[in-house]
Each structure stands twice: as structure tokens, then as C-alpha cells.
Amino acid sequence: VGLASSLYHQIDIVILRNILGEVSAIGHYAVATRIHDGLLSLATPVVLMLFRHMRFLARKPGESGRFSRRAVLSALVIGIFLALIGWTVGPWLVGVLFGSPYADGTQTIIGLLFTALIFALPNYVLEQKAIATQHERWFAASLFLAVSMNVLLNLYLIPIKGVEGAAWATILTEMSLFVILVWGLRRELLS
């Protein structure tokens, strides 16, 4: 699972370089992904605390489902809020953190990657739910499917849309993983 997760978060840069070569747009994309990944890292302590509570509630189906639905919904709302921030002040944030040369080329990329947070944050919660309710195999299979999908989407979209294609591949992969995880955990979420 760790290998699949690492591949998922790095493979787009590798594919971009192999398809596009060394172009400045890849640097803009790399900067935007660092901010995106940094936000996901900030969510880690929160979802680990959620995991402890989900594990405790796993023996209480009604409470467990209610708590998990609220946690997923909260992550979804936070993701929507962050997407709006990405589209409105994302380039400014890039300029502050990495300098103005990067800010000019990242407006669409940062907006798209922040849009992926709409699904990435709830996925983080759903991953913890899967582990807390002993659905590790389902989660691992889902993650490997998502990584495979991400590679294929990158290979298809990058030649057409460049770095924006890689960002769209991220959004579509996160969206698909969300649907897969919700479907696989539907009994636990609805109990």
C-alpha cells in the first residue's frame, strides 16, 4: 500500500518528463503538487485521530456509520472550501512560497489540484474507515486500481493537455477512488 501511494503521488512528474521533456511547465506543476501534497500531509494527524475513534466505534454499528458519514461530509466541505481558495488565491500562495516566476504559470494547475482535494480529503477519511473496520484488502485493491487508473489517465491526457492533463488525471483518479471506497464501505457507512 505504501508503494502504491508513493507511486500515485510521484508518477505524474515522471510521465510528464518522459512525454514533454524538460519544459518549465513541469516546474510549475511540481510546485503546485508540493502545496497540494502539503495540505494532505496537514490532514494526516486529523485522520489518525479519526481512525482511533472509528476503531473504537467499529463495535457500535449505528454510531460508527453516523460518525463516519459526518467525517466524510466534513472532509468534503473542507475540500470544496480549499478548491475555492485554490482558484482564487492559489497563484498568490505559490508566489509567496516559491516566488513570482512560478505564480504566473500555475493559476490553472493550482486550481485543478486544489479541486482534487474535494475528493482526496474524503478519501483520506474513507481509507481510515476501511482500515478501522478491517477492510484492508478492499482498500489495498482499491488503491492499486486507482494507481493503475492514474497511470493510464496520465498517459492519455498529458499528450493532449500537457500539465493540465496530469492535474485532470489526479481529479478523475480521486473521484473514482471516492466512488470505489464508498461502494466498498457502503454497509459500514449506512449502518
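Predicted model: local features only at pLDDT ≥ 70, side-chain atom pairs only at ≥ 80, totals over all residues.
1. Nonpolar core. The largest nonpolar core comprises 49 residues. Those with the most contacts inside this core are Leu16, Tyr29, Leu117, Leu121, Val125 and Leu126. Two or more residues each are given to the core by helix H1 (2-20), helix H2 (24-57), helix H3 (61-98), helix H5 (107-132), helix H6 (136-161) and helix H7 (163-184). H5 supplies the largest share, 16 residues.

2. Tyrosine 29. This residue is among those with the most contacts inside the core. Its neighbours within four places in sequence set aside, tyrosine 29 is in contact with Asp12, Ile13 and Leu16, with Ile109 and Leu113, and with Val163, Ala166, Ala167 and Thr170.

3. Course of helix H6. H6 has 26 residues. From its first C-alpha to its last, H6 reaches 35 Å, which is close to the 38 Å expected at 1.5 Å a residue. At asparagine 154 the helix bends by about 25°. Glycine 162 follows H6, and the phi of this glycine is positive, near 65°.

4. Buried residues of helix H6. The buried residues in H6 include Phe139, Ala140, Leu143, Ala146, Val147, Leu153, Leu157 and Ile158. Ser142, Asn150 and Asn154 are buried in this helix as well.

5. Aromatic pairs. The count of aromatic pairs comes to 2. One of them is formed by tryptophan 138 and tryptophan 183 and is tilted, with 5.7 Å centre to centre and 50° between the planes. Because tryptophan 138 lies in helix H6 and tryptophan 183 in helix H7, the pair ties together parts that are 45 residues apart in sequence.

6. Surroundings of the two tryptophans. Tryptophan 138 has a relative accessible area of 28% and is therefore partly exposed. The ring of tryptophan 183 has the charged end of arginine 186 sitting over it, 4.3 Å from the ring centre. Tryptophan 183 thus takes part both in the tilted pair and in this arrangement with arginine 186.

7. Serine 176. Helix H7 also holds serine 176. Is this residue buried or partly exposed? Serine 176 counts as partly exposed, because its relative accessibility is 23% and buried means under 20%. Between serine 176 and phenylalanine 56 there are 120 residues of separation in sequence and 28 Å in space, C-alpha to C-alpha.

Methods:
Residues numbered from 1 in each chain as written. Heavy atoms only, no water. Core = buried A, V, L, I, M, F, W, Y, C linked by side-chain atoms within 4.5 Å. Buried < 20%, exposed > 50% of the residue type's maximum accessible area, 1.4 Å probe, protein only. Helix = DSSP H or I, 4+ residues; strand = E, 2+ residues; numbered from the N terminus. Contact = heavy atoms within 4.5 Å. Expected span 1.5 Å × (residues − 1). Bend = angle between axes of the 7 residues up to and from the residue. Phe/Tyr/Trp six-rings, centres within 6.5 Å; stacked < 30°, edge-to-face > 60°. Lys NZ or Arg CZ within 6 Å of the ring centre and 35° of its normal.
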